[in-house]
Amino acid sequence: MSIASSLTSATICGASVFPKALGYSSEFPSNLPSPFESSKICLTTSFPCSRDPNKKIATWNLTRNVGPIQGIRCHAIQAAGTRELKKFELSDVIEGKQFDREMLSAIFDVAREMEKIEKSSSQSEILKGYLMATLFYEPSTRTRLSFESAMKRLGGEVLTTENAREFSSAAKGETLEDTIRTVEGYSDIIVMRHFESGAARKAAATANIPVINAGDGPGEHPTQALLDVYTIQSEIGKLDGISVALVGDLANGRTVRSLAYLLAKFKDVKIYFVSPEIVKMKDDIKDYLTSNGVEWEESSDLMEVASKCDVVYQTRIQRERFGERLDLYEAARGKYIVDKDLLGVMQKKAIIMHPLPRLDEITADVDADPRAAYFRQAKNGLFIRMALLKLLLVGW
């Protein structure tokens, strides 16, 4: 039987060639749509999976050339004469642009299921037998611990390194590619934070197992953006027709970059950029928003902007991104602060968000206001990451 005739769905996802992980090999069928947005091709077939004989999944090594990578996408496509079985399948989570509205809605549905599991206080066994490696080259509290909590709440196990930049073989000069090839031999999924923009894409291009970008320098932080959008929907009750102020370090803030990509998926959204001149939002994000018909505006007046917005998304000025130019850091910090005066002009149903950690950009007396959503936002990270681990490792 030819591959094309046995094909039930094909998924375009990730950023690398996905090799013969389950022992099957063949030419990729030439009659599927092209050009592809990525070079990792996963094919769902009728062969049994070696891990679970009840699952019918196999993968093929792609040997022919593919089109230029325009960004990672991951969605199911229907082969001729067959019925699509799933809305989508995830291979890696690398950047905000890889998601569309349908995918976001499906992930949020799973996240709500994860909320129920967490509230039941009984450990699930959905991921029993799976092992997650957290490979963090930069400090983290919420992201690393929420991923580890998510894995354990679903019955999986964790291998962790907290400061891989200093305490792994990277300190000896080992390349990222070699580290990934080694770590994938010990685990089923890698969650990585790195200090270089683009490192997650490089890791995904190397790995034969799923890779989740937990932040790559000033690049992106897609799981944070997913939990941010999930929080907005939960708190505001909608995602279309909202106004969002992104405040603080917009040049180096990977969270606001990924969030801007996701907000662009929704209708009638307006984004305000409020930041010191030295850390203004970069042109690539502005161009992306413009090309997708999203209205945006730069402003230096946070009070005025906050009075118009459904969401004030505050971020800290990141000292670690300034290197030795501490004079520039000092010039940027402390200019925009969320305090009780700002609360006084905000709408009653608006919310304040922050990816955390905070320094002095939100005063402590704001915490008691019901509009302060940042700790609820952090908790939502657990549910989103539980959902992603489930989808990446066992699917629907």
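This is a predicted model: local features need pLDDT of at least 70, side-chain atom pairs count only at pLDDT 80 or more; totals for chains, interfaces and linings use all residues.

Biologist: You mentioned α13. I've been looking at F383. Where does F383 lie?

Modeller: F383 lies in helix α13.

Biologist: Is F383 buried or exposed?

Modeller: Buried. Its relative accessible area is 4%, and the cut-off for buried is under 20%.

Biologist: Which residues is F383 in contact with, leaving aside its neighbours within four places in sequence?

Modeller: A111, M114, E115 and E118. Those four are also among the buried residues of α2. As for I107, F383 is 276 residues away from it in sequence, but their C-alphas are 10.0 Å apart in space.

Biologist: Now α7. How many of the 15 residues of α7 are buried?

Modeller: Eleven, so α7 is largely enclosed by the rest of the structure. The buried ones are P222, T223, Q224, A225, L226, L227, D228, V229, Y230, T231 and I232.

Biologist: How far does α7 reach from its first C-alpha to its last?

Modeller: 21 Å, close to the 21 Å expected at 1.5 Å a residue. Just after α7 comes G237, with a positive phi of about 90°.

Biologist: At roughly what angle do α7 and α13 cross?

Modeller: Roughly 115°, and their axes come within 8 Å. The crossing is right-handed.

Biologist: Which residues meet there?

Modeller: From α7, T223, Q224, L226, L227, D228, Y230, T231 and E235. From α13, they meet R376, Q377, N380, G381, I384, R385 and L388.

Biologist: Which strands does α7 lie across?

Modeller: Helix α7 (222-236) lies across β11 (311-314) and β12. Its direction makes about 165° with β12.

Biologist: OK, on to that sheet. In what order do its five strands come?

Modeller: The order is β10-β9-β8-β11-β12, in an open sheet with parallel pairing. The edge strands are β10 (295-299) and β12 (351-353), and each pairs on one side only. Neighbouring strands are turned by 20° against each other on average, direction ignored.

Biologist: Remind me, what do strands of a sheet pair through?

Modeller: Backbone hydrogen bonds, and the pairing can be parallel or antiparallel.

Biologist: How many bridges join β8 to β9?

Modeller: Five. Strand β8 covers residues 243-247 and β9 covers 270-274. S243 stands opposite K270 in β9.

Biologist: How many bridges join β6 to β7?

Modeller: Four, and the two strands run parallel. I190 has V211 in β7 as its bridge partner.

Biologist: Which residues of α6 are buried?

Modeller: In α6 (199-206), A199, A200, A203, A204 and T206 are buried. They cover an arc of only 160° around the axis, which puts them on the same side of α6. The buried residues of α6 pack against α5 (176-183), β6 (189-194) and β7 (211-216).

Biologist: Last one, R316. Where does R316 lie?

Modeller: In the loop between β11 and α11 (326-332). R316 counts as buried, at 18% relative accessibility.

Biologist: And what is R316 in contact with, leaving aside its neighbours within four places in sequence?

Modeller: D249, H354, P357, L359 and E361.

Methods:
Residues are numbered from 1 along each chain as its sequence is written. Side-chain values use heavy atoms; hydrogens and water are left out. Buried means under 20% relative accessible area, exposed over 50%, partly exposed in between (1.4 Å probe, protein chains only). The arc is that of the directions from the helix axis to the C-beta atoms. Contact means heavy atoms within 4.5 Å. Two strands pair if DSSP finds at least two bridges between them. Axes are lines fitted to C-alpha atoms, for helices over the stretch in contact, and angles run from 0 to 180 degrees between N-to-C directions. The expected span of a helix is 1.5 Å times one less than its number of residues. A crossing is left-handed if the near helix is turned anticlockwise from the far one by less than a right angle, and right-handed if clockwise.
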